[in-house]
Amino acid sequence: MKTITTTDALAEYCARAATFPYVTVDTEFLRERTYYSKLCLVQLAVAGDDDAEDAVLVDPLAEDLSLEPLYDLFRDEGVVKVFHAARQDLEIFFVDAGLIPSPMFDTQVAAMVCGFGDQAGYETLVRKIAKAQLDKSSRFTDWSRRPLTEAQKTYAIGDVTHLREIYEYLKAELEKTGRAKWVKEELSVLTDPDTYVIEPSEAWKRVKTRTQSGRFLAIVRELARFREGYAQSRNIPRNRVFKDDALMELASTKPRDAKDLNRSRLLLREARRGEIADGILAAIQVGLETAPEDMPTPDKNGREKLQVNPALADLLRVLLKARCEDTGVAQKLIASAADLDLLAAGKRGIPALKGWRADVFGNDALRLCDGELALGVKGSSVQVIET
């Protein structure tokens, strides 16, 4: 198999790829020691019979290689860029070049729409559609080390060669069932640049707390803001700054100076001095000085106490299961358990009530909530009954 290590060779391959209707894409990367993923390998394949030319590995770590020819291909509206589980791949390209390949297709999303269930993993699709087996032994190897082993290359190239057959099968299924627009709706999230922008001011919403104290949440918000910004600016994992348990301890103990900070049981040694220590103390002070009207509230952080009708929630689960069995669509693609609880509590701002989800489930779910539909059982199937 061919490995591309120069810009000229990449440009030549991408010029050829631009003559095909689609190109399959995958990446290998590392993220254990950095905030942003470190791109280590790009795999590409176009439809064809000669794998030596049609499927290649691109080495972004090579000194004489620029990925700009690949990014030009990503901008080419005449070539569909096919990924499986594209989110992390797209984040890499967005962070590196500020672009999202267009048009793009995600076989994981398509498979969930085409009856392959909630766990539409690539290995499963290779087995069921391409009738092949994958050797996954190289999955967790160090992709930054050079030279790559033959086993690594074989593993990597398999992630795009089988993807061609999977894409063509799923594309045909979507055209046959008229569900291509469903996938297009789902891909709108993946192709939205906002999906890949993490604002430090919003980082606190990922921290799990049980308190309803606005003051406590204000301190959590400022500590999370500092941690996220520090991690981004230095490209280190946020947990290398301080972990969530240390953040919660700091929000509880509210240290005012270095002496107080050194009493922390959970704070890493590196965080007890220097820029991190200064940032922690400053963040806590800002949280303490936050005006009451500017404090986060449990309601804004999704902690409101829902008055869920448990019987209705159970009926909604049955309806969802029945509708997904009828259509072959994965349940988690339509609504989560939390979404159904919101619906049973009278909330209406959930994705299941919009777009294609409303056609499959949401409209009937609302009618069930309003008493216009009932559920019955006939044999082993659930029946929807007009009331």
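In the predicted model, P21 lies in the loop that runs between α1 (7-17) and β2. P21 is exposed, because its relative accessible area of 54% is over the 50% cut-off. Apart from neighbours within four places in sequence, the contacts of P21 are with G78, V79 and V80. The C-alpha atoms of P21 and L316 are 42 Å apart in space, and the two residues are separated by 295 residues in sequence.

Helix α3 spans residues 68-75, and its buried residues are P69, L70, Y71, L73 and F74. These buried residues are covered by elements that include α1, β2, β3 (38-46), β5 (80-83) and α4.

The largest pocket holds about 660 Å³ of space. Its lining comprises 25 residues, of which E28, F29, Q88, R139 and Y155 are the closest to the pocket centre. Strand β2 (22-30), helix α4 and helix α7 (150-177) each contribute at least two residues to this lining. The largest share is that of β2, which provides six residues. Classed by residue type, the lining of the largest pocket consists of ten nonpolar, nine charged and six polar residues.

D89 is placed in helix α4, which covers residues 87-97. With residues up to four places away in sequence left out, D89 touches D26, T27, F29, F83 and H84. One of these contacts, F29, is also among the residues closest to the centre of the largest pocket.

R179 is located in the loop between α7 and α8 (180-190). When residues up to four places away in sequence are not counted, R179 is in contact with V113, L174, T327 and V329.

Key
Residues numbered from 1 in each chain as written. Predicted model: local features only at pLDDT ≥ 70, side-chain atom pairs only at ≥ 80, totals over all residues. Heavy atoms only, no water. Helix = DSSP H or I, 4+ residues; strand = E, 2+ residues; numbered from the N terminus. Contact = heavy atoms within 4.5 Å. 1 Å grid on protein atoms, 1.4 Å probe; cavity = no way out; pocket = protein on both sides within 12 Å on 5 of 7 lines; lining within 4 Å. Points joined across faces, edges and corners; volume = space filled by probe spheres on them. Nonpolar A, V, L, I, M, F, W, Y, C, P; charged D, E, K, R; others polar. Buried < 20%, exposed > 50% of the residue type's maximum accessible area, 1.4 Å probe, protein only.
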